[in-house]
Amino acid sequence: MDDYANPWLHRLKWAYLLLVVLTLMAPVLYVMWISFNANGFGANAYDFTWKWYGLILSDAQLIGALRWTLALALVVTAITVPMALVAAKHYKATRNKLFPVFLLLAPLFVPPDILGSALLVSFKNANLAFVWLGDRLGTEAFDAWFRLSFLTAVIGLVIYTMPYAFVVILITMGRYRAEQTEAARACGANGWRAFRDIEFPQIRPGVLSACAFTVILVFNEYTRTSLLKGGFDTFTTVLISQMLNTGMSGQSYAMSAMVSFVAIAVIGTIILVTLIRSEALAREARAKAEPVMS
Amino acid sequence: MTAAASETVGGTRPAARPRASASEALGRWAFRLPLIFMLVFFALPMAMTVVFSLFERTMFWMEPGFTLFSYENFFFSARLTNFLESMKYSAIAVAICFVLGFPIAVFVRRSVPQVAQHRVILLFILPFMVSEIIRVFALRPVLQRNGLVNTTLQNLGIIDEPITALLYTHTGVVIGEVLSFLPFIVFSGFLAMEAVPKYIFEVCDDLGVGPWRRFVDVILPLAAPGIFAGSVFIFVNGLGVALLPNILGGAGAVNAGLIATQAITALDFPLAMAVSAIMMATLMALLWIGHRVFDLTRILTPLS
Amino acid sequence: MLDRTAAPAVEVRGLTKTYGPVTALRDVSVSIAAGEYFVLLGPSGGGKTTLLRAIGGFHRPTAGEILLHGKEVGHLPPDKRPTTMVFQAYALFPHMSVAQNVGYGLKVAGLPKAQIADKVAQALEMVSLSPFADRRPHELSGGQQQRVQLARAFVLDRDILLLDEPLAALDAQLRKDMCLELKHLQEKVGITFIHVTHNQEEAMTVADRIALIANGDLVEYGGARDIYRAPDKAFTAGFVGENNLLAGRVAGLSGDSVAVDVADARLRIDRRGLRVAEGQEVTLSIRSEAVRLSRDTGHLEGQSIAGTYTESVYLGLTTSHRVRLSDGTEMVAREISERDDAPAPGTPVVLSWAPGTARLHVE
């Protein structure tokens, strides 16, 4: 805000921004609110309760789905984040940037149902081709390749989460000065050692954020997962089947609320940590009379 | 003299040409691994949609062949009308998102202290902390006949009769799109505003350029590639996310994503592939036009 | 002082570096003796940093050889070379303390902790930063940060230190102080320093020898004083010191002396053994502090030129008098500012110089 700006106009703009955030947040808050209502969704009376949270554990369907979702999230994160890190390093080093960036960001622009259908049909055809190949060779070793399963769901979700992880890591890398790697090399460290000792500690917040994003995206993704998974249910597929049939159960609301509580806590921690750190840096910079270069 | 130096080559020898050791070659391939993965599992399946869309439909699956039946099925039926309609409403959603969201990006870039900017923008990812299906589903009780919006407006005495056009209509889908995709115009607008240095505002103030002229003559041309990318994202997702018309739409509110999923449910896989191919063609055409007009590589400047 | 019998510390032979269609360095050959303070001087974008980084192993040469102590190193990465480097800025590890920064190279080399601590303390002592060992880089001033970089380099006991514009990010006064400090440190440790800069004052302060690099070419190299007093190429004369460059045409030759027509005057000048022919276009250079300004005419034949006074520029210690010659060339005579009686603009004046101060360049 500059010195001559109208302070009320400035406050009005802030109010608008927060109103938009609040509007967008409304469904989240609404779910949280319902999750504490003993009478469940749509009831006029409101009685506060923890009951639904207790019932999550005894809901076999939900717990089973949760286990699969968690497994998916962990495996996808374990694949996506290192790949995004490598891709970001490659992007920084390569001179032809258009092709890699197009390939890595394009999944953002392909809608979920389109990506899901295309992968579904491709996997099914690949599976049939491998079965056919196995028949020719007299082996059944290939029969399971690309059959819809945990693996195909992982592939689909890695493609979905890659652009997000890539961008988050790339933005953090933008603040890293390549001179430091060169300085480490000049000190006798090889390329891998320089990355481990110097670059990685500095981009770690970005890598951790990428992990958080990937887990949250996988948890909340429905379309791609439901098209590509094998015969198991995930958190969101359970929710959808409940919605379209009986309506969501109280414990499903509780579960959703819990997922968003955890997610908001994680993101909030990231915001707070970076806030505290940058505040500390700014304070130190102010405290010094001499000019600071970096 | 250090250990490093003494273990180098001994004596004089003919100029050692740069040679790639096995580990170096391995490293180079490791760096390409993500791109290879994306080529095999993303680019290839997307390209194969064209091939599969030409296959013959069988009872439960498809078999190799060459037929334009799926395209006929798409272009000479209500599907085309639905597709074009959804394009129109998707474009409306883009416009609304831009009007509501882009000023936020400008405001944050201009009036929020540098260190806090990213955190203010991070506020807009909070809605993604709950699954999209719940967010969309939760709109039903808000928009329905006796929902939150109608009862509030009636209690305030603004309307007498509940507005029924809010749900199970195109309007409902547009509302859902705006609420789902608004954050993306804030993100892309924020990135796009990186191309507009802060001093621009001071220069404009100094020259007496009003907010409107400043927006049209300075901000828009500089931020155009980023705005375009965000708009394409919203437009394409408006066409392709089946969930929105599925839950909020009614008769006629059918987009490409819904056509594809319905085709898959009906086991008409070639049709689903034809829809995917048409969507990819639409996307490619938009990106190509955008690249010709705005040079989309400019978006990458802050990233490189 | 320099040991010229052993293999030179650095020998570059026919080095060429291209980036696609752009040639950053063209067929550069230079030899740097062990224990020498060598400066690569030139305008920015001229290729001097590329040369330094090729010696350090950060750029792979397109053609040519780099020998360090007589051994070809063109294929080796930076960590396998007997060199270490000080960067312009931002090269300290921000997540490590000053002591950790300085000790990093030793840690990589696998030295025991106690030994690392000893060496780090010594190195910090040498750059007088001992009290700052536990600070973080961002808590130091620019000059202190660069001293940490120096300590980090010294501690490795490598015998070639590369400095890439080490003082460019500092303000003018600090740069002067650091210059002297660099020179003294180099004399103390006795290793080879190769220092890249675009600042000629910095170069003159520290250098034993200077190489001038511009447009990807090694223009000329030699002792710091020789480069200043007796530049061989007109480009060097234009870049180092404040030289007047005069375009002229050879009017006659007699033994070691050449007559050159500049504006209306015929100047006599030492031939320096150059091949010149009558009628050839040549360039003369005369340092501005060697030029004297006077109002009366009738000066030494062949060592003076007439012109019109245009303006004086007061620079504190010196005053620059600007004079326009009849062909439009501006000449500058620089004098110690003792008097404030500069001629009025438009006054006819004569510029003169001692025999031997003007130099002939052909290229």
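First, terms: two strands pair if DSSP finds at least two bridges between them. Helices (H or I, at least four residues) and strands (E, at least two) are DSSP runs, numbered from the N terminus.

Ground rules: this is a predicted model, where local features need pLDDT of at least 70, side-chain atom pairs count only at pLDDT 80 or more, and totals for chains, interfaces and linings use all residues. Residues are numbered from 1 along each chain as its sequence is written, chains are lettered from A and ligands numbered from 1 in the order in which they are written, and side-chain values use heavy atoms, with hydrogens and water left out.

**Entry: chain C overall**

I counted eight helices and 20 strands in chain C. The C-alpha trace spans about 80 × 45 × 40 Å along its principal axes. Of the 363 residues in chain C, 54% are buried (buried means under 20% relative accessible area, exposed over 50%, partly exposed in between, with a 1.4 Å probe and protein chains only). I also looked at contacts (heavy atoms within 4.5 Å): among those in chain C with a separation of 6 or more, 66% are between residues 24 or more positions apart.

**Entry: the four-stranded sheet**

Which order do the strands take? I read β2-β1-β4-β5 in chain C, an open sheet with antiparallel pairing. The edges are β2 (22-32) and β5, each of which pairs on one side only. Strand β4 (63-68) of chain C meets β5(C) over two bridges, antiparallel. C:Leu68 has C:Lys71 in β5(C) as its bridge partner. Helix α1 (48-56) of chain C lies across β1 (10-19), β2 and β4, at about 115 degrees to β1(C) (axes are lines fitted to C-alpha atoms, for helices over the stretch in contact, and angles run from 0 to 180 degrees between N-to-C directions).

**Entry: C:Arg81**

I found C:Arg81 in the loop between β5 (71-72) and β6 (83-86) of chain C. What is the nearest side chain of opposite charge to C:Arg81? That is C:Glu72, 7.1 Å away, so by the cut-off (a salt bridge is a side-chain nitrogen of Lys or Arg within 4 Å of a carboxyl oxygen of Asp or Glu) there is no salt bridge. For charges, Lys and Arg count as positive and Asp and Glu as negative; His and the chain ends are not counted. Beyond four places in sequence, C:Arg81 has contacts including C:Ile55, C:Leu68 and C:Arg158.

**Entry: C:Arg135**

C:Arg135 lies in the loop between α3 (113-126) and α4 (142-154) of chain C. Buried or partly exposed? I get partly exposed for C:Arg135, at 34% relative accessible area. Leaving aside neighbours within four places, C:Arg135 touches C:Ser97, C:Val98 and C:Leu140.

**Entry: salt bridges**

My search of the whole structure turned up 30 salt bridges over all chains. One of them joins C:Arg209 and C:Glu36, with the closest N and O atoms 2.2 Å apart. C:Arg209 sits in β9 (209-214) and C:Glu36 in the loop between β2 and β3 (37-41), so the pair ties together parts of chain C that are 173 residues apart in sequence. C:Glu36 is buried at 0% relative accessible area, and C:Arg209 counts as buried at 15%.

In chain B, B:Arg214 and B:Asp205 form a salt bridge at 3.9 Å. B:Arg214 is buried at 12%, whereas B:Asp205 is partly exposed at 43%.
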